[in-house]
Amino acid sequence: MKRPATVLLTALAPVSWGTTYAVTTEFLPADRPLFTGLMRALPAGLVLLALARVLPRGAWWGKAAVLGALNIGAFFPLLFLSAYRMPGGMAAVVGSIGPLFVVGLSALLLGQRPTARSVITGFVAASGVSLVVLKAAGALDTVGVLAALASTASMSAGTVLTKRWGRPDGVGPLALTAWQLTAGGLLIAPLALLVEGAPPALDGRAVGGYLYLALANTAVAYWLWFRGIGRLTATQVTFLGPLSPLTAAVVGWAALGQALTPVQLGGMALAFGATVAGQLQPVRQPVGCGSPGVDGAARRHGVPPAPTRGAPAARLPAA
């Protein structure tokens, strides 16, 4: 597939995620970030696992658990905690500093030297974040901001490790997505029960909200995201992230009546500009998931591969 089409399809993931905040605050039970993360991850993971019919083997049991913890198990609860404590557009905008995390982690783990353009573009995105957030006095919450930052750092680390480890032979992005969602959901489950107690009673609105989050917002969106990781560079993928806060801000304004000041609109413009500039980075050989069966990112960037490679995945028998 040509690169522009790949970019557009991958961009559908953060656009979908930008609706998460409105759905959380308007349709779901209040103050249940762990349960909400569980209901978003585990059903989606099990559905994709049934479709893929592939289980990890060897070292990939551990790798899938680590990726699931970073991309899902830690990311989801922190994301929903920030959504419950701050207006959706502002909570999502904090995530647009993710490119700076990825640029730094790519230098450490992939041997990719940061380019001046990627660093400048990352700071432009962060400047947009600052303009939007700092002008929201009275609406900000310290715990919410910290949770949003931590969720961004967690997923950034998961993205870079996904590139470093690649995929086992014969395994596509659908199975890789299923492993991570299932592992992350299983990690959240006991924590949700311990911290939040028994699941709450759900009305029709909540059931509909959870179905949307699990299927369109998670199963489909994460499959598109990890598929894009295999075809684009690290910076190209992560600079699509600001589309999430842009979508959240538009939804908050159009559907929830959340006001945006001119300064905040300027911050949104900077974030969108960073997204476009991120796709104009010089094209390098794709890393990570695009090369099944090898530690693709490590090999292409001169980093020694992980000591143990995963064995071919076990295929589940047909039902």
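Helices are DSSP runs of H or I with at least four residues, strands are E runs of at least two, and both are numbered from the N terminus. By that rule, D31 sits in the loop between α2 and α3 (33-52). Its phi is near 55°, a positive value in a residue other than glycine. D31 is exposed, with a relative accessible area of 60%; exposed means over 50%, buried under 20%, and partly exposed in between, for a 1.4 Å probe and protein chains only.

This is a predicted model, in which local features need pLDDT of at least 70, side-chain atom pairs count only at pLDDT 80 or more, and totals for chains, interfaces and linings use all residues. Residues are numbered from 1 along each chain as its sequence is written, and side-chain values use heavy atoms, with hydrogens and water left out.

Start with the whole chain. The secondary structure comes to 15 helices and two strands. Buried residues make up 54% of the 319 residues. Contact means heavy atoms within 4.5 Å. Among contacts with a separation of 6 or more, 89% join residues 24 or more positions apart.

Next, α3. It has 20 residues and reaches 28 Å from its first C-alpha to its last. The expected span of a helix is 1.5 Å times one less than its number of residues. For α3 that also gives 28 Å. This helix is largely enclosed by the rest of the structure, because 14 of its 20 residues are buried. R53 follows α3, with a positive phi near 55°. R53 is not a glycine either. It is found in the loop between α3 and β1 (54-55). At 31% relative accessibility, R53 counts as partly exposed.

Now move to α9. This helix has 24 residues and reaches 35 Å between its end C-alpha atoms, close to the 34 Å expected. It is mostly covered, with 17 of its 24 residues buried. A148 lies in α9. Its relative accessibility is 3%, so A148 counts as buried. A148 and L81 are 67 residues apart in sequence, yet their C-alpha atoms are 8.0 Å apart in space. Just after α9, G166 takes a positive phi of about 65°.

The loop between α9 and α10 holds V171. V171 counts as buried because its relative accessibility is 3%. Its C-alpha is separated by 9.2 Å from that of P56, 115 residues away along the chain. Then comes α10 (residues 173-196). Its 24 residues should span 34 Å at 1.5 Å a residue; its end C-alpha atoms are 33 Å apart, which agrees. Just after α10, G197 has a positive phi of about 80°.

A nonpolar core is a set of buried Ala, Val, Leu, Ile, Met, Phe, Trp, Tyr and Cys residues joined through side-chain atoms within 4.5 Å. Here the largest such core has 55 residues. Those with the most contacts inside it are W17, F76, W179, Y222 and W225. Take W225. Leaving aside neighbours within four places in sequence, it is in contact with T10, A13, P14, W17, M155, T159, V237 and L240.

L243 lies in helix α13. L243 counts as buried because its relative accessibility is 14%. Not counting residues up to four places away in sequence, L243 touches A11, P14, V15, F272 and T275. Its C-alpha is separated by 10.0 Å from that of G95, 148 residues away along the chain.

Finally, the voids. A cavity is a set of points, on a 1 Å grid over the protein atoms alone, where a 1.4 Å probe fits but cannot get out; lining residues have an atom within 4 Å of a point. Grid points are joined across faces, edges and corners, and a volume is the space filled by probe spheres set on the points. The structure holds three cavities of 30 Å³ or more.

The largest cavity has a volume of about 360 Å³. Its lining has 25 residues, of which F75, G95, T152, M155 and G241 lie nearest the centre. Elements that give two or more residues to this lining are α1 (3-17), α2 (20-27), α5 (75-85), α6 (88-94), α7 (98-109), α9 (142-165), α11 (204-229) and α13 (243-256). The most come from α9, with six residues. By class, the lining has 14 nonpolar, 10 polar and one charged residues. Ala, Val, Leu, Ile, Met, Phe, Trp, Tyr, Cys and Pro count as nonpolar, Asp, Glu, Lys and Arg as charged, and the others, Gly among them, as polar.

Conventions. On a 1 Å grid over the protein atoms alone, a cavity is a set of points where a 1.4 Å probe fits but cannot get out, and a pocket is an open set with protein on both sides within 12 Å along at least five of seven lines; lining residues have an atom within 4 Å of a point.
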